[in-house]
Amino acid sequence: MAVRSVQQTGTAWSVTVAAQYADGSVRYFAVPVVADSSGASFTASGAPGAVAGPARAAGVQSPYTVTVPTDSEVCAAAGEFLAAYLAGAGEVDRYLAPGVRLSPVSPAPYQTVTVQQILAADHEAAAESVPAEGTRVRVMAEVEARDSWGRWPLAYELTLKVRSGRWEVASLESGTVQAGGARS
């Protein structure tokens, strides 16, 4: 996984990558890379060199401070949406607010997706069983996805909105703020 890149000259870059080994250890390598004239593709231009890992950045305080009960409507809506989005368990569109367009991950990479925890940024809205029409809540859905290789902990930042008495997904963020730290 690339963890840092530094442009050396117009088309030359140094990309630091992290490699995780079977025993769980992680090593870092700087790889010299050049871009083509359009900047659309890159080629390693030399052998990698082992380097020290980057310093850990200071974490950002997460806005998700309230644990949502697992039997809540918010938890059910987020879990059903993510099961459709990641495991093909139903149609994604039925969980989306009007005007939201989001394609499921295809092909579906997981067989099952199970909510482990939902954290909310707004306690009152997430706790209401039938909140007012148009109520919005931002949540961090922490799920366990399973495939033939094992179990994968994943996290998704969602905004849910009430329409016709049910929660719908109004947005899915591409980067997430973990409970204890920085955007990933």
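**Salt bridges and burial**

Modeller: Glu168 and Arg166 are joined by a salt bridge between their side chains, with N to O at 3.1 Å. This is a predicted model, where local features need pLDDT of at least 70 and side-chain atom pairs count only at pLDDT 80 or more, while totals for chains, interfaces and linings use all residues. Residues are numbered from 1 along each chain as its sequence is written, and side-chain values use heavy atoms, leaving out hydrogens and water.

Colleague: What makes the contact of Glu168 and Arg166 a salt bridge?

Modeller: The term asks for a side-chain nitrogen of Lys or Arg within 4 Å of a carboxyl oxygen of Asp or Glu. The N to O value for Glu168 and Arg166 is 3.1 Å, so the pair qualifies.

Colleague: Which residues are linked with them in a network?

Modeller: The network of salt bridges links Arg163, Arg166 and Glu168. Arg163 pairs with Glu168, their closest N and O atoms being 2.9 Å apart.

Colleague: Why is Glu168 called buried?

Modeller: Buried means under 20% relative accessible area, exposed over 50%, and partly exposed in between (1.4 Å probe, protein chains only). Glu168 has 1%, so it is buried. Arg163 is partly exposed because its value is 35%, and Arg166 is partly exposed at 35%.

Colleague: How do you know that Arg146 and Glu144 form a salt bridge?

Modeller: Their side chains meet at 3.0 Å, N to O. Glu144 counts as buried because its relative accessibility is 18%, whereas Arg146, at 37%, is partly exposed.

Colleague: How many salt bridges does the rule give?

Modeller: The count comes to three.
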